[in-house]
Amino acid sequence: FEFILSEFRREGYDVSWRVLNARHWLPQYRERVYIIGTRSDLKIPEVTWSTITPPGEGANITLRTVIEKDDMEIAGAELSEQQWSVVKKQCEERQDNSNEPIK
C-alpha cells in the first residue's frame, strides 16, 4: 500500500486516503480504501474527509461533489481520451523496458 502511495507522490500527485465502511451507501458491511490523488501543480486543497457523511446524517454527498465542489477549473483537469491514450502507451512502454511488471 505504501508503494502505491509513494508512486503517486513520485509522479507529482498529492495523495489522501481513508478507509470507509460502505454499509452507509451499499447493502454490504465492507470497509474499502478510497484513494484520492490530485496533481500537485494544480494546488487543489486537500479533501476534507469529514464532509463525507452517510445518508441520513447529512446531505447525500457523492465523491464527485466532495472532490470537485462544482469548480469548473477542477473539472477541467480531467484527462481527455487522447491524453489517457498517451498515459496508457507510456505505461506499456515502461513495462516493455522493465524486467518487472508495473504493479
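Biologist: What makes Phe1 count as partly exposed?

Modeller: Bear in mind that this is a predicted model. The relative accessibility of Phe1 is 42%, and because buried means under 20% and exposed means over 50%, Phe1 falls in between and counts as partly exposed.

Biologist: How confident is the predictor, and which element has the highest mean pLDDT and which the lowest?

Modeller: For the protein chain the mean pLDDT is 76, with 65% of the residues reaching 70 or more. Among the elements, helix 1 has the highest mean, at 93, whereas helix 3, residues 72-75, has the lowest, at 59.

Biologist: In what order do the elements run?

Modeller: The chain has 4 helices and 2 strands, and from the N terminus on they follow the order α-β-β-α-α-α.

Biologist: Why is the pair formed by the rings of Phe1 and Trp17 called edge-to-face?

Modeller: A search of the whole structure finds 2 aromatic pairs. In the pair of Phe1 and Trp17, the ring centres are 4.8 Å apart and the planes stand at 75 degrees; since pairing asks for centres within 6.5 Å and edge-to-face for planes over 60 degrees, the pair is edge-to-face. This pair links distant parts of the chain, with Phe1 in the segment before helix 1 and Trp17 in strand 1, 16 residues apart.

Biologist: And what makes the pair of Phe8 and Tyr13 edge-to-face?

Modeller: The centres of the Phe8 and Tyr13 rings lie 6.1 Å apart, which is set against the limit of 6.5 Å, and their planes meet at 80 degrees, so with a threshold of over 60 degrees the pair is edge-to-face.

Biologist: Are Trp17, Phe8 and Tyr13 buried, exposed or partly exposed?

Modeller: Trp17 has a relative accessibility of 32%, Phe8 one of 34% and Tyr13 one of 29%.

Biologist: Which residues form the nonpolar patch on the surface?

Modeller: The patch is formed by Phe1, Phe3, Ile4, Phe8, Trp17, Val19, Val33 and Ile35, which together have about 680 Å² of accessible area. Two or more of its residues come from each of helix 1 (2-10), strand 1 (13-21) and strand 2 (31-39), and helix 1 gives the most, with 3 residues.

Biologist: How do you know whether Ser16 is buried or exposed?

Modeller: Ser16, in strand 1, has a relative accessibility of 6%, and since buried means under 20%, Ser16 counts as buried. Its side chain makes a polar contact with the side chain of Trp49 at 2.6 Å, to be set against a limit of 3.5 Å. Over the protein chain, buried residues make up 16% of the 103 residues.

Biologist: What makes Lys43 exposed?

Modeller: Lys43 is placed in the loop between strand 2 and helix 2 (63-68). Its relative accessible area is 69%, and because exposed means over 50%, Lys43 is exposed. The phi of Lys43 is near 55 degrees, a positive value in a residue other than glycine.

Definitions and conventions. Residues numbered from 1 in each chain as written. Heavy atoms only, no water. Patch = residues over 30% accessible without salt bridge, like charges linked within 9 Å, V, L, I, M, F, W, Y side chains within 5 Å. Areas by Shrake-Rupley, 256 points an atom, 1.4 Å probe, with all protein chains shown as cover. Salt bridge = Lys/Arg side-chain N within 4 Å of Asp/Glu carboxyl O. pLDDT = per-residue confidence, 0-100. Phe/Tyr/Trp six-rings, centres within 6.5 Å; stacked < 30°, edge-to-face > 60°. Buried < 20%, exposed > 50% of the residue type's maximum accessible area, 1.4 Å probe, protein only. Polar contact = N/O pair within 3.5 Å; in protein donor to acceptor, adjacent residues only side chain to side chain.
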